[in-house]
Amino acid sequence: MRTNGFFQYRIMLRPDEVKDFVRAASMCDFDIDISYNSYVVDAKSILGVFGLDLRRVLTVNCHGYSEEFDRYLRQFSLAG
């Protein structure tokens, strides 16, 4: 979903998916945040992402667009 100049996704990640998620985010040349509630971390930080409660729905805010990363995120995306 595009909101206020950035793209937003609601996703669920399993711990075994974090490494690939961070690798994919790191290939983008724009900022990407991942959050739930008031906790916001850099999606390119493996320690930051592992610090989140992965049992929760996470919000990914992309401050730019990459068709490849968009395709990658859609596999984790939740409706709504």
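In which strand does tyrosine 36 lie?

## Basis of the model

This is a predicted model, in which local features need pLDDT of at least 70 and side-chain atom pairs count only at pLDDT 80 or more, while totals for chains, interfaces and linings use all residues. Residues are numbered from 1 along each chain as its sequence is written, and side-chain values use heavy atoms, with hydrogens and water left out.

Tyrosine 36 lies in strand β3, where helices (H or I, at least four residues) and strands (E, at least two) are DSSP runs numbered from the N terminus. Tyrosine 36 is buried, with a relative accessible area of 12%; here buried means under 20% relative accessible area, exposed over 50%, and partly exposed in between, using a 1.4 Å probe and protein chains only. Not counting residues up to four places away in sequence, tyrosine 36 touches Leu52, Asp53, Arg56, Val57 and Leu58, contact being defined as heavy atoms within 4.5 Å. Alanine 24 is twelve residues from tyrosine 36 in sequence, and the two are 20 Å apart in space, C-alpha to C-alpha.

Threonine 59 is placed in strand β5 and counts as buried at 17% relative accessibility. With residues up to four places away in sequence again not counted, threonine 59 touches Gln8, Tyr9, Arg10, Asp33, Ile34 and Ser35.

## Aromatic pairs

Rings of Phe, Tyr and Trp (its six-membered ring) pair if their centres lie within 6.5 Å, and planes under 30 degrees apart count as stacked, over 60 as edge-to-face and the rest as tilted. By this rule the count comes to five aromatic pairs. One of them is the tilted pair of phenylalanine 7 and tyrosine 65, at 4.8 Å centre to centre and with 45° between the planes. Phenylalanine 7 lies in strand β2 (residues 6-11) and tyrosine 65 in the loop between β5 (58-62) and α3 (67-74), so this pair ties together parts that are 58 residues apart in sequence. Phenylalanine 7 is buried at a relative accessible area of 16%, whereas tyrosine 65 counts as partly exposed at 43%.

Phenylalanine 69 and tyrosine 72 form a stacked pair, 6.2 Å centre to centre with 15° between the planes. These two residues are three apart in helix α3 and are therefore separated by about one helical turn; both are buried. Ring pairs link Phe21, Phe69, Tyr72 and Phe76 into a cluster.

## The nonpolar core

A nonpolar core is a set of buried Ala, Val, Leu, Ile, Met, Phe, Trp, Tyr and Cys residues joined through side-chain atoms within 4.5 Å. The largest such core has 25 residues, of which Phe21, Ile34 and Phe69 touch the most other members. At least two residues of this core come from each of β2, α1 (18-26), β3 (32-36), β5 and α3, and the largest share, five residues, comes from α1. Leaving aside its neighbours within four places in sequence, phenylalanine 69 is in contact with Phe21, Ala24, Ala25, Cys28, Ile32 and Cys62.

## Salt bridges

The whole structure holds seven salt bridges, each being a side-chain nitrogen of Lys or Arg within 4 Å of a carboxyl oxygen of Asp or Glu. Among them, arginine 55 and aspartate 53 meet at 2.9 Å, N to O; arginine 55 is exposed at 71% relative accessible area, while aspartate 53 counts as buried at 17%.

Salt bridges that share partners join Arg14, Asp16 and Glu17 into one network. Arginine 14 is partly exposed at 48%, aspartate 16 is exposed at 54%, and glutamate 17 is buried at 15%.
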